[in-house]
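Subject: Structure handover and notes

Dear colleague,

I am passing on the structure that we talked about, and my notes on it follow below. Please keep it open while you read, so that you can look up each place as it is named.

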Number of protein chains: 4
Amino acid sequence: MIATQTLLDFFLETRTHTKTICKPLQIEDYVVQPIVDVSPPKWHLGHTTWFFEEFILKNQKGYKLFSDDFAFVFNSYYESVGKRVVRTDRGNLSRPTVAQVYAYRAYVTNALLEVLEKEITPEIEKLVTIGIHHEKQHQELLITDIKYILGNNPLMPEYGGGLRFRESVKNAQQWIHIPEGVYIIGHSGTDFCYDNELSQHKVYTHEYSISNNLVTNAEWIDFINDGGYNKTLLWHAEGWDWVNANGIKAPMYWHLVDNEWYQYTLEKGLGKIDQDAPVSHISYFEAFAYAQWKGLRLPTEFEWEIANKKFNWGERWEWTESAYLPYPGYMKEEGALGEYNGKFMVNQKVLRGGSVATSDKHTRHTYRNFFQTGLRWQFTGLRLAK
Amino acid sequence: MIATQTLLDFFLETRTHTKTICKPLQIEDYVVQPIVDVSPPKWHLGHTTWFFEEFILKNQKGYKLFSDDFAFVFNSYYESVGKRVVRTDRGNLSRPTVAQVYAYRAYVTNALLEVLEKEITPEIEKLVTIGIHHEKQHQELLITDIKYILGNNPLMPEYGGGLRFRESVKNAQQWIHIPEGVYIIGHSGTDFCYDNELSQHKVYTHEYSISNNLVTNAEWIDFINDGGYNKTLLWHAEGWDWVNANGIKAPMYWHLVDNEWYQYTLEKGLGKIDQDAPVSHISYFEAFAYAQWKGLRLPTEFEWEIANKKFNWGERWEWTESAYLPYPGYMKEEGALGEYNGKFMVNQKVLRGGSVATSDKHTRHTYRNFFQTGLRWQFTGLRLAK
Amino acid sequence: MIATQTLLDFFLETRTHTKTICKPLQIEDYVVQPIVDVSPPKWHLGHTTWFFEEFILKNQKGYKLFSDDFAFVFNSYYESVGKRVVRTDRGNLSRPTVAQVYAYRAYVTNALLEVLEKEITPEIEKLVTIGIHHEKQHQELLITDIKYILGNNPLMPEYGGGLRFRESVKNAQQWIHIPEGVYIIGHSGTDFCYDNELSQHKVYTHEYSISNNLVTNAEWIDFINDGGYNKTLLWHAEGWDWVNANGIKAPMYWHLVDNEWYQYTLEKGLGKIDQDAPVSHISYFEAFAYAQWKGLRLPTEFEWEIANKKFNWGERWEWTESAYLPYPGYMKEEGALGEYNGKFMVNQKVLRGGSVATSDKHTRHTYRNFFQTGLRWQFTGLRLAK
Amino acid sequence: MIATQTLLDFFLETRTHTKTICKPLQIEDYVVQPIVDVSPPKWHLGHTTWFFEEFILKNQKGYKLFSDDFAFVFNSYYESVGKRVVRTDRGNLSRPTVAQVYAYRAYVTNALLEVLEKEITPEIEKLVTIGIHHEKQHQELLITDIKYILGNNPLMPEYGGGLRFRESVKNAQQWIHIPEGVYIIGHSGTDFCYDNELSQHKVYTHEYSISNNLVTNAEWIDFINDGGYNKTLLWHAEGWDWVNANGIKAPMYWHLVDNEWYQYTLEKGLGKIDQDAPVSHISYFEAFAYAQWKGLRLPTEFEWEIANKKFNWGERWEWTESAYLPYPGYMKEEGALGEYNGKFMVNQKVLRGGSVATSDKHTRHTYRNFFQTGLRWQFTGLRLAK
């Protein structure tokens, strides 16, 4: 078969968008890794490129690796494809330079375009599609990592650039009621999805109600003012330890200036908090404690998926009460790609929806995002259920 | 109402059994805490006693605390009832002495008997019942902690004493088949259960099969011999880190002597492994990797509960694939007792069944035990599903 | 030669005194190791015994080891004589029991007495003498470790027993003036001393003055009240980090109760501070900061040794400004005994004198004690120079 | 007084040389901090500039700070002049950019030139001189930090640029004999020196011999081949722990390739070891163990200073056996400059001489360099004594 123009366009568009995200950066911004979860932007640029080289180009006759060393430098966690720089060391590497990484990108993009202009196998089509979605995932990580790098710098520079994030809209509070029953969960159809959404299956849910709105900054300030961060009984034991060990008193990027809450944002640097915007950059532990404080709870991922057509979503990744587990009948892919999702299915929570930083065409109503319970550098928020 | 003789007998029996477990110990054995999860036996003796004092006796008119300091020493994790010795420090306390702790036990037992011989409220009946079950839980911890203390001592002394653990029986392998459907889960009736089993509710399960047997030591040796501990792709990412950080190569208490596997047991000290006995002292990570290696999986806790009448259980706590989460409609108790279960409902896995170390009348088919995924000093094993 | 009655008496006296020190202990007190520097008393009992067995008895024809495992359990840091329990694990061993350790002591004492009643070589006489002094060193450690174990227990029990510690005497302040010149330093004569005192040699010192008194608790309270623990510039960089990392605000065992300073002592448990007594349980960092605050300095070990006949000493180990280094011409012993002193000659400070916990006939005016700069569970104090 | 042309030239020369060192760097190389001891080059550029601004310009009438935030970013350890970025975070700062730092340098250089072109006080002359020498110290750190950044990058790039390091010369082995006596130690005269060299004083030394040569790579290979890194008894206890905790088997930058030793150097990247060159990048622990292995010892800093006119020095910083301590009569400067040297006088060793990376006119025969005993990213070597 010949790659559809669509796939080729989708590929090019994605590759270009990654560069657009990085355009406002100074070279220095590409290099640092202030915490282990935040990778240097140049690493994201190299890693998304390496993915195409490793899983597709390397197997093409006549393809010559751009550099023998780059596999070592830009492999992330694929234990089955060789050694790699340990994750904590990514920010210690000044070389390859940003210019070299961009050269690597161009080289691989061109080589892949050549492949796509010829006849391709369904296997390659599938791998290219995965590679594109992989890069889209890293586009979101690029934005959140840039936010961390700039927002934790004592100079708190703005990000600048042309990217605009959606404005938030607050609607009148409603409780969407869903009757008990057996519902179908998971992805169907031939569109792209990740393996962790597959194996459509049934779940039974008791009746429940779910809010049409995300919790807002104004509501979160009420929680703070009521001493929410000091009330042991609202928290999981592990959450309470996390609060105390890290001295947590507010969401990430919040600063109390002259008794008023400010927030670092990419668009404006440090500025007053937008009261009506959905709260962001909170951990699962905080989301849970907030729900306890309200006498309510977080929805499960199934409750979210069943009801999602009845509310707006996509501004914040929404913490659910569901642990990240395989669906019934889930099968890991063979080989290295099997490391993509399955091996993280323990001690993490599912987040549903999407965020203002999520790339176009990347998320969907069956999409299962997942993070560890103490992480909050993503645009994470919460929606209540009862 | 007047406490039934049954309750009084149950109380006394339980208090006595705790002492029976400790009878073979030397005074020195009561004191040490070789790892944070293993508490000194004298701490268990004091803590189970403190529970009755704190939640019942303290509120009885005329009751005089045995000692003002003991609440500080023997509180475990109840953040809402005052300060406490941090958990890592329990093994640093030589005082109170073992004799003082036994005196404390006798004092509290007698005081509670006096209470039980008079008219009691349903509230007190409930609290005493909880206190008894709390002590039964600690009886199992006593046995596993003693095993750790003696089994990790370079002299590897036997435990001795009169306690006998059930022998294991291996049956012919069968796969129990359960059809799809909506099933009822959770405790009903008026017998005692913990709050985490309550709120009976429905779940839908697809059809599945579950083994009538636990995985045996012989089968585990096959896993080891096939390189199971070295095959990255069998493991969760977090499990793989755990294996490497701790140099795990076999279940806890296993020793390779002259190329043959030996095992420390309470009854015999170091001796050859019983091939047919169910494997024990494995972490969730290991249980999962084993199932992957077999091309099978662990059951969910619901699958286990639905099928449990069709197989023998009670020799090992069986790791399930289910994360420890609240049942729909779960309500934490008010106040300190609310800290009993709910606050641990994150980043742990449910274990079902019971073990050779579980006290009589303590477990049941709806009982939900839970531990973190890397722990293995309990008598933990696994049963496969598909 | 035949061992002099003196040596035999000295040996027996020493062995007996160790038991006297432990007499007031409960069995539980023998077992715990609350910090890595504090060893369980039963370990001291076993280790001082092992020393005689390892270095003398093992080489005697016909001697049978008390237990094959005890070398493993009671070796401390002699890397060259085999494996050992790592230091941090000493407090995790409930076995051997205290009774077994006392049996081991009796067995070895008797075996050594048999050796001493026959003709012995000078080599054995030397080794027995070292073994006696080694045990005397551990007698002091026993006292300081017992103090730590009881004094950090929330019940703060008194030590009891018959041991009485010398009372302190404060004299009128005088400055002893010593003219410049070349002085002789180090041990001479045939009496016992450690290898680190040997190789008598010359040092040049400029003129200096040294105080006849140790700094007292009353003076230390002035330092605290003047904010000494908060004034960065008084401290070494490493000392300042130590103060902050450990939240140090006063000497060890000091407690501020109702705005008045109390102190835990072995004799009285918690009681008001004796204002005139020399300050105790301070680190080198604190001693240095105090001297800076006074505009004075600590003496070098040479200044101390040259002047020591002109003042009273022996109540506190006195921190000096001297790093613990080999004397010119110092030669480590061959083999395991060479590990006794030489291998610690880096990153430690010399302390001179002796303390109320030092055993009779153990210290002398050339004795060089040494500890790391942040340790303070010994009876450590300071004397000023200028 | 008017600043001499010499001072002005010295200042300009120094400022220019710092830029020359950095010329071969890519922007990315300026940013990273792979270990805590290695600072990002742009931090050195900013910090040496901040020193002039903080201690001189800030007090000049009419001077306007280049940026209010830079004091926070570029202060290093001066606790007495305000808050600072913690040292471990230097490599997390992408801003200010390299271009901004160079602009800061130009701004401060010009402002200081203006000051120097007018009449200046002796105080300012002194501060400028200190600032110049401070920058020269950081020039050496720049070179060693660049070496660490490039030499630990998996691509091992050469440094390039025009800097040439002196070639090593090996002479026939001689032992320089020095008779016993009282010698004068320390700096005299009006030339610049640091406070730690002052207070000339007398020391007595016994007779000794000192080698005319540094230990070479060829000799070090003999030490490795004889198992030097595995022989416990050659090492200090703390050194032995250091070897094992860090898996040390050779000097830093050495790599065993096909059974032959290679070394990363700035000039050539990875290349075969020069057998005759003095060994470099070793810790004090290694230097000590080597001397033990030879049956010899390291010289004291006094022995080195007394004999240094009789041998060549300046290729390697030479570890001495002397702890870094104040000279008799040493007085810390008042205020922030007093933090320069005195507060490090504990748990470090003195190194004498200079290295191929030391800037011109920076070291001298009384110069006292000092580092902690486990550090080895400087050009450190050793000379033997007996």
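Among contacts in chain A between residues at least 6 apart in sequence, what percentage join residues at least 24 apart? The figure is 78%. Please bear in mind that this is a predicted model, and that the values in this message were computed from it.

**Chain A as a whole**

The secondary structure of chain A consists of 9 helices and 11 strands. Its radius of gyration is 22 Å, close to the 21 Å that the globule rule gives for 386 residues, so chain A is as compact as a globular protein of that length. If you follow the C-alpha trace along its principal axes, chain A spans about 65 × 55 × 35 Å. Of the 386 residues in chain A, 61% are buried, where buried means a relative accessible area under 20%. The accessible surface of chain A is about 15,500 Å², and carbon and sulfur atoms account for 51% of that surface. As for charge, chain A carries 40 positive and 47 negative side chains, and the centres of these two sets are 1 Å apart.

**How the chains are arranged**

Some pairs of chains do not touch. Chain A and chain C make no contact, and their nearest C-alpha atoms are 15 Å apart; chain B and chain D are not joined by any contact either, with their closest C-alpha atoms 15 Å apart.

Helix α8 of chain B, which runs over residues 284–294, is mostly covered, with 8 of its 11 residues buried. Those buried residues are Y284(B), F285(B), E286(B), A287(B), F288(B), A289(B), Y290(B) and A291(B). If you wonder what covers the buried residues of α8(B), the elements include α6 (217–225), α7 (237–246), β8 (317–323) and β9 (349–353) of chain B.

In the loop between β2 (181–185) and β3 (201–205) of chain B you will find T190(B). Is T190(B) buried or exposed? With a relative accessible area of 80%, T190(B) is exposed, as the cut-off for that word is over 50%. From C-alpha to C-alpha, T190(B) is 33 Å from S280(B), and the two are 90 residues apart in sequence.

**Backbone details in chains C and D**

In chain C, a cis peptide bond with omega of about -5 degrees joins R95(C) and P96(C), and P96(C) lies in the loop between α3 (70–74) and α4 (98–117). In chain D, R95(D) and P96(D) are joined by a cis peptide bond, again with omega of about -5 degrees, and P96(D) is in the loop between α3 (70–74) and α4 (98–117) of that chain.

Y253(C) has a phi near 80 degrees, which is a positive value in a residue other than glycine. This residue sits in the loop between α7 (237–246) and β5 (254–257) of chain C, and Y253(C) counts as buried because its relative accessibility is 5%. N259(D) also has a positive phi without being glycine, near 70 degrees; N259(D) is in the loop between β5 (254–257) and β6 (260–265) of chain D, and with a relative accessible area of 74% N259(D) is exposed.

**A buried serine in chain C**

S76(C) belongs to the loop between α3 and α4 of chain C, and at 4% relative accessibility S76(C) counts as buried. Leaving aside neighbours within four places in sequence, S76(C) is in contact with W43(C), H47(C), R84(C) and R90(C). S76(C) and F51(C) are 25 residues apart in sequence, while their C-alpha atoms are 9.6 Å apart in space.

With best wishes

Notes. Residues are numbered from 1 along each chain as its sequence is written. Chains are lettered from A and ligands numbered from 1 in the order in which they are written. Side-chain values use heavy atoms; hydrogens and water are left out. Helices (H or I, at least four residues) and strands (E, at least two) are DSSP runs, numbered from the N terminus. The radius of gyration is taken over C-alpha atoms; the globule rule is 2.2 Å times the number of residues to the power 0.38. Buried means under 20% relative accessible area, exposed over 50%, partly exposed in between (1.4 Å probe, protein chains only). Contact means heavy atoms within 4.5 Å. Accessible areas come from the Shrake-Rupley method with a 1.4 Å probe; for residues, only the protein chains shown count as cover. Lys and Arg count as positive and Asp and Glu as negative; His and the chain ends are not counted. The place of a charge is taken as NZ of Lys, CZ of Arg, CG of Asp or CD of Glu.
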